[in-house]
Amino acid sequence: MKAELQQLLVEALDHVLNDSEAERPQPQIERARDTKFGDFACNIAMMLAKPLRKNPREIAQSIIDALPDNSLINKVEIAGPGFINFYLSDQAFHEEVSSIVKRRSDYGQGNFGAGKKVLVEFVSANPTGPLHVGHGRHAAYGDSIANLLAATGHDVTREYYVNDAGRQMDILAASVWLRYLECQGEQLNFPQGGYKGQYIVDIAKEVVDLHSDKFVHASENVFEGVTEDAPVGNKDSHIDGLVGNAKSLLGEESYRVVQQFALDAILSDIRDDLEGFGVNMDAYYSERQLTEGGKVREAIKKLKSDGFVYEHEGAMWFKATEFGDEKDRVVVRKNGQTTYIASDIAYHYEKRQRGFDLLLDVLGADHHGYIARTRAALEAMGEPGDSLEVQLVQFAVLYRGGEKVQMSTRSGEFVTLRELREEVGNDPARFFYVMRSNEQHLDFDLDLAKSNEEDTPINYIGYAHARACSLLRKLSSRELVFDEVQGLEHLHRLDADKERGFMSTLTRYPEIVELAARNRAPQNVVHYLKEVANEFHSYYWAYKILDDQDDGRRNARLVMFTAAKQVIANGLALLGVRAPEQM
């Protein structure tokens, strides 16, 4: 309805501004906060007052006079300094409810993003261990945003950037190798800087099964020349020394075998975990492939040829400050190794080369400084800085029994996403993750998420859908049949304020989808669905539908329930949550 009103206004403006050189702003229409002022309101007349040098009420009247006839509108009034208030006809609501029932799962989908290619990169956790509950929030939020963008006409690709190069991968390889040596009977003190989770032991056992004693070396050789570990020494220097010895003792080929085996095992677990969570990535993009394929060096070469790289104290620096960053950034260290910043630059430039209009990164809240330097790099490479959008996700803290649960991948003391899914369930977990804005800290209360109480948000919404399903199932026991066609024909009989209000709420769904997509705010859908569920339950108790002997009126009300059921199912689907048929 809103889109149709906007089109009518555009046509009226074309007539009013036909001989004017004034710029034609896009009319903005909003739902009226109070229905006594109509259903929709527009301030376009006040926007045109200055360029046209006319009284806004006079402009508003001209626009109203030029509006094409349409059964959607019952009346139009001017309010205050020049607001145009639209009062919709009952027929407008009836037609929209009919559209919900007929379009079913397609209802609410729009096209404001048509022709725009978007790459949503999210999760992208280092493949050094299983996904934990913090990663779960990124997965639920990123996937919901991708769903919303797809529902509004965008061409969406979901991508996971695999950080499979650099120091963390070396620490992973060394950790697995050391556990492998322990499995082979070697006695050693496991480094504090290594990865300590049980998953490392499990991977090491698989290496034993496949390669037997092929990679065994005496522990005294493994620790030869390595500095003391903490607390006496430094844990970082200690693990780095062990990495160096692993590479030397194993040789390049065997070291790569161990490292790749560990990477493949963890990445396979991550893929399986995400798919089990309802998150299906279109691509997993390898940092190692980016580096070994020469993309990083090519990006640095381009920056250098354009004059945006300089040498200082043996390192190569990107002139990020010329593009608004707070400081210049090292892209090649003194030892000739490229930095992770250089990889980020190459990766985002490569995204643009793949033809994506918008690069939407979902990152942790601690990546705030990442935004300016990456935009600076894109601009230096000749790409628009605003082609990058970053949504920061605040941390999720897990509570069980009122106690905070610690999470650390390195120490191995964390609750995995898989464990959370098994304990809570996919649907409650995904719903709980997106109830709050991504900009707010999230306290994930396991007890609340698992609660069967009807007044918890997900149960309250789900119960409305299940109740509608139950109502339709009960028809046969009353020897009744739902005649949808008759119900649609009799919608005009539902003229009580409660019924018109319910219709008005249901028909807002397309606007909510667009709002949530534009604001990257799936919580807007959550809040709206709670409102729908509230009106549903209120309507359910207000009318004893199955006791109504009037077939036409009963079927009209069943159409309302069917429409509400569909809207709830569609909204939950955007959040990656299933709508229950019984509870």
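A charge sits over a ring if NZ of Lys or CZ of Arg is within 6 Å of the ring centre and within 35 degrees of the ring normal. The model used here is predicted: local features need pLDDT of at least 70, side-chain atom pairs count only at pLDDT 80 or more, and totals for chains, interfaces and linings use all residues. Residues are numbered from 1 along each chain as its sequence is written, and side-chain values use heavy atoms, with hydrogens and water left out.

**Exercise 1.** Which ring lies under the charged end of arginine 467?

Solution. The ring belongs to tyrosine 540, whose centre is 4.2 Å from that charged end.

**Exercise 2.** Classify the pair of tyrosine 107 and tyrosine 509.

Solution. Step one: rings of Phe, Tyr and Trp (its six-membered ring) pair if their centres lie within 6.5 Å; planes under 30 degrees apart count as stacked, over 60 as edge-to-face and the rest as tilted. Step two: these centres are 6.1 Å apart and the planes meet at 25°, so the pair is stacked. Step three, burial (under 20% relative accessible area, 1.4 Å probe, protein chains only): tyrosine 107 is buried at 2%, and tyrosine 509 is buried at 2%.

**Exercise 3.** Now classify tyrosine 539 with phenylalanine 561.

Solution. With 5.6 Å centre to centre and 50° between the planes, this pair is tilted. Tyrosine 539 is buried at 0%, and phenylalanine 561 is buried at 2%. Both rings belong to a cluster linked by ring pairs, which also includes Phe502, Phe536, Tyr540, Trp541 and Tyr543.

Methods: Buried means under 20% relative accessible area, exposed over 50%, partly exposed in between (1.4 Å probe, protein chains only).
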